[in-house]
Each structure stands twice: as structure tokens, then as C-alpha cells.
Amino acid sequence: MPECTFCRVWRALYRLRSVSVGRTAGSNGPRTAAAIRQAGLRLIYRHGYEAMTLRALAAEVGIQAASLYNHIRSKQDLLFDIIRDHMETLLVQTDAALATAADEPASRLRAFVAHHVTYHLEKKQDVFIANFELRSLDAKHYTAIVAMRRAYEDRLVTLLDLGVAAGDFEIRDTRVAGYAILGMLTSACTWYRPEGRMTKTEVVDLHTDLALHGCLRRQR
């Protein structure tokens, strides 16, 4: 018996649906998710979180706006993921840098400072968003990121405390000193330009010397 028109249409729609489902579940999923994150990073850096729209994000990636929800739950979750990934990477890489340093306060402080400045010069967009869009996080996400930031600050303060205890550093308040050092180091990424008169290595060395000399015990 000849196939009716309704059956032919239904069969065609079923084949089309199968192709679509196969594409969504295929190897492009992780690649699309990574592209969305990178596009979100660029757009938030350029325009700010509030001004960035999901429609603009989808256009940047080259997909339909509705397709974003296959990869992200919301614009807020995207911002949180970007900042959380930045903090997780910073923490892991800092621990690795400290693990390779000699077991004495000055060497460990040098390792911390060198890694911090290098990372921040190379990840300017991530750093900018993590600092200036922290206010855009909702209460739950804000609390989680602040806890990670505190854990990072504690790594530096612990180094300073150990240096004071060993008699190598002379610091009146290690917590305040840690904030001052981090402020100085992080600010480098706001003015550094690769085409400027100082190389990245020179900028790292300058800040390392400034931080170390500000902590070392003075000869009486």
C-alpha cells in the first residue's frame, strides 16, 4: 500500500529530529561550552556584565540564543563559572609555584610574588572581571568567591607570618601588609602593555624586589 502523505511527513520530521539530537550529544558539546565561556569573558570585559546580553553572547558564538541553555543555566551562572575558574586556577598554580621554592621565607615570598604578577599580566581579562564584577554576583555566589579570595590571601599572610616568626621579616601587621602587597602586585595588570618599555620579566622582577625589600628585617 502506498505510504500516505501524513506518514511521509512524520517520517521526515523524525529523521530531522534524530540528526538534531545526534549533533547536540556529539563531540561539539564541550567545544561549544568552551566557546561560550570565552565569548562571555570577552563580552563582559568589553561591555560589563549588566550590558552583556545572552542574545549578543549567542551571536558571538554563532548559535541560536535558545541553544545557550544547553550549556549554561543562566547569565549569572556564567559569570560565577568564569570567576570561580579564575580563582581555582590561581590557587592551584600558586600552590605549585610555592612547592618548587626553597623552604625559607624569602624564597617562598619571591615565588608567590613572581607567580602572582606573571599570572595577572597574562590573564588580564579574567582578573578584571573577577575584581570588578564581583559586585554583580548574587549572595550565594558572592559568598563562595569571597571564601576563595580569602583562602588566597591567607597563603600570602601565612608566608609573612612565617617570615616574622623566623626573624627574617619585620612587619607590624601581616594581614594589612598582605593586602598592601596584593594591591600593588595586582595593579600591574592595569597599566602593563607588552609593547611598553619594560618586558614582562622586568615588571615581575621589579615587583618582587619591592615586595621583598618591604618585608625584610632592617639591620640595626
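Predicted model: local features only at pLDDT ≥ 70, side-chain atom pairs only at ≥ 80, totals over all residues.
Residues are numbered from 1 along each chain as its sequence is written, and side-chain values use heavy atoms, with hydrogens and water left out. The chain has nine helices and zero strands, which gives the pattern α-α-α-α-α-α-α-α-α when read along the sequence.

**The chain as a whole**

- Of the 220 residues, 36% count as buried, where buried means under 20% relative accessible area, exposed over 50% and partly exposed in between, with a 1.4 Å probe and protein chains only.
- The chain exposes about 13200 Å², of which carbon and sulfur atoms supply 56%; such areas come from the Shrake-Rupley method with a 1.4 Å probe, and for residues only the protein chains shown count as cover.
- Among contacts with a separation of 6 or more, 68% are accounted for by residues 24 or more positions apart, contact meaning heavy atoms within 4.5 Å.

**Helix α4 against α5**

- Helix α4 (residues 75-99) and helix α5 (residues 105-122) pack at an angle of about 145°, with their axes 9 Å apart; axes are lines fitted to C-alpha atoms, for helices over the stretch in contact, and angles run from 0 to 180 degrees between N-to-C directions.
- The contact is made by His86, Thr89, Leu90, Gln93, Thr94, Ala97 and Leu98 of α4, together with Arg108, Ala111, Phe112, His115, Tyr119 and His120 of α5.
- By class, the residues of this contact of α4 with α5 divide into six nonpolar, six polar and one charged, with Ala, Val, Leu, Ile, Met, Phe, Trp, Tyr, Cys and Pro counted as nonpolar, Asp, Glu, Lys and Arg as charged, and the others, Gly among them, as polar.
- Thr94 counts as buried because its relative accessibility is 1%, and, leaving aside its neighbours within four places in sequence, Thr94 is in contact with Phe112, His115 and Tyr152.

**Helix α4 against α6**

- The axes of α4 and α6 come within 9 Å and cross at roughly 115°.
- On the α4 side the contact is made by Leu79, Ile82, Ile83 and His86, and on the α6 side by Asp126, Val127, Ile129 and Ala130.
- The contact of α4 with α6 has six nonpolar, one polar and one charged residues.
- Ile44, placed in helix α2 (residues 28-47), is buried, with a relative accessible area of 1%.

- Helix α5 has 18 residues and reaches 26 Å from its first C-alpha to its last, close to the 26 Å expected at 1.5 Å a residue, the expected span being 1.5 Å times one less than the number of residues.
- The buried residues of α5 include Leu109, Phe112, Val113, His116 and Leu121, and what covers the buried residues of α5 includes α4, α6 (124-132), α7 (139-165), α8 (174-191) and α9 (200-215).
- Helix α7 has 27 residues and reaches 37 Å from its first C-alpha to its last, close to the 39 Å expected at 1.5 Å a residue.
- The buried residues of α7, among them His141, Met148, Tyr152, Glu153 and Gly163, pack against α4, α5, α8 and α9.
- Helix α7 is followed by Gly167, whose phi is positive, near 85°.
- Thr174, which lies in helix α8, is buried, with a relative accessible area of 14%, and touches Val157, Leu160, Asp161 and Val164, not counting residues up to four places away in sequence.

**An exposed loop residue**

- Ala66 is found in the loop between α3 (54-61) and α4 and counts as exposed because its relative accessibility is 61%.
- Ala66 and Leu54 are twelve residues apart in sequence and 9.2 Å apart in space, C-alpha to C-alpha.

Technical notes: Helix = DSSP H or I, 4+ residues; strand = E, 2+ residues; numbered from the N terminus.
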